[in-house]
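Take a moment with the sequence and the 3D view below. Then follow the report from one part of the fold to the next.

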Amino acid sequence: MGIDIRQIHKERFSISDELIRIFCPYRVCPLGAHVDHQLGLVTGFAIDKGIELLISPTDDGNIEAYSTNFSGKTEFNVEDVPERRHLWGDFLQGAVVALSNKYKMTVGFKGIVSGTLPVGGLSSSSSVIIAYLMALCIVNHIRLTQKDLISTAMWVEKNYIGVNVGKLDQSCEIFCKKDHLLFLDTKDDTCELLKTSSQMPPFEIAVIFSGIERKLAGSAYNRRVDECKAAAYALKAYAGIDDNDFQDSFLRNVPFGLYDEFKMYLPDNWASRAKHFFEENMRVQKGIKAWKKGNIDEFGELIFESGESSIYNYQTGSIHLQTLHEIMLKTTGIYGGRFSGAGFNGCAIALVEPGKKEEIAQFIRNEYVHMYPRLEHKFMIDFCKTSDGADLKLFA
């Protein structure tokens, strides 16, 4: 049985009518790992699990919210946002601050927020931010376009939370469509929704939670972004190209030939990050061709290659996620898989044959729990399907 947040809302606030429900899906990225912050090519699915938010408006501007996943509550007024507390409520505070930069807000809400899967690798942070932004816009009659919502959600993560994200997560959670693969160029924001070919065998998405949650802020995530920027900046310098602004240095703006000519002069870690970027962009292009042909076997092999590069070139992926990667490689019924998100704990994802779900789940559990018996009761596998992005019918 799932959590009944309507009942929880009624128990907390004694309000059972005039409730507004917002749902924002999680996302998975089969190909295009760690490249969106360098303006790379990415792919993604929204899945049928995500963040559910149930609210009732408050005319006095007060916000009171509880989470079914974390303890405590967050409480403040939309016109008097407190300092960051480094708790789950920061995402709600950040959403209010971001909207207040452009719009007058006077209405708050009483709300219950619930995530349907454990935190780590599915873009739960961007999902919850988008849900909060949608709720605040609805009750304050603010109309945003899809692109406005994406950029506002990114502002919260980058400027309020402090994680130097790209636009992959937000774009998937808003643009994606059920039974389609999103192909997005994060340099110019062109995107294409590629319908699943009639020639493609059926598949589902396995979400394999390592048993250890993670957060990005304060982790090595930002350092990886800086290493990519440093590689781009240095390569242009070696080529004699004037590029004075480090923050505006992106690997996407470095021609591959220039990288190939000067890569030997880069420090090893910068060279490895650049290698991952250029090869991952190539994998995305190959993957799109395979997807259009309905060749899920080739598409899956590219996902496995992406996982290998994430571990050995991008040099991320916790020991637990690396273990899951090795297990997936020898699991019958998996087309392809890799760890999801930045790789600092969290989960792995895989495209799987639906008819072999039980065998897949049992084999991976046995192998993983044998390695990490203390995580037996935290480890979990869930199977998801593709989904539409967040419902923005009330928006422009």
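## A helix across the sheet

Which strands does helix H11 lie across? Helix H11 covers residues 357-371. It lies across E8, E9, strand E10 (347-352) and E11. Against E11, helix H11 runs at about 155 degrees. Keep in mind that this is a predicted model.

## The four-stranded sheet

Now look at the sheet itself. It is open and has four strands, in the order E9-E10-E8-E11, with antiparallel pairing. Strand E9 (334-339) and strand E11 (380-384) are the edge strands. Each of these two pairs on one side only. From one strand to the next, the twist averages 20 degrees.

Go through the pairs one by one. E9 and E10 run antiparallel and are joined by five bridges. Here arginine 338 stands opposite isoleucine 349 in E10. E8 and E10 are also antiparallel, and they pair over six bridges. Alanine 206 stands opposite alanine 350 in E10. Strand E8 (residues 204-209) runs antiparallel to E11, with five bridges between them. Isoleucine 208 stands opposite isoleucine 381 in E11.

## A buried strand

Why is E10 described as largely enclosed by the rest of the structure? The reason is a simple count: six of the six residues of E10 are buried, so the strand is largely enclosed.

The side chains split into two sets. Cys347, Ile349 and Leu351 point one way from E10. Ala348, Ala350 and Val352 point the other way. Both sets are buried.

Is alanine 231 buried or exposed? Its relative accessibility is 0%, so alanine 231 counts as buried; the cut-off for that is under 20%.

Which residues does alanine 231 touch, leaving out those up to four places away in sequence? They are Leu251, Leu266, Trp270 and Ala274. Isoleucine 150 is 81 residues from alanine 231 along the chain. The C-alpha atoms of these two residues are separated by 27 Å.

Where is tyrosine 265 found? Tyrosine 265 is in the loop between helix H7 (256-262) and helix H8 (268-293).

Terms used:
Residues are numbered from 1 along each chain as its sequence is written. This is a predicted model: local features need pLDDT of at least 70, side-chain atom pairs count only at pLDDT 80 or more; totals for chains, interfaces and linings use all residues. Side-chain values use heavy atoms; hydrogens and water are left out. Two strands pair if DSSP finds at least two bridges between them. Axes are lines fitted to C-alpha atoms, for helices over the stretch in contact, and angles run from 0 to 180 degrees between N-to-C directions. Contact means heavy atoms within 4.5 Å. Buried means under 20% relative accessible area, exposed over 50%, partly exposed in between (1.4 Å probe, protein chains only).
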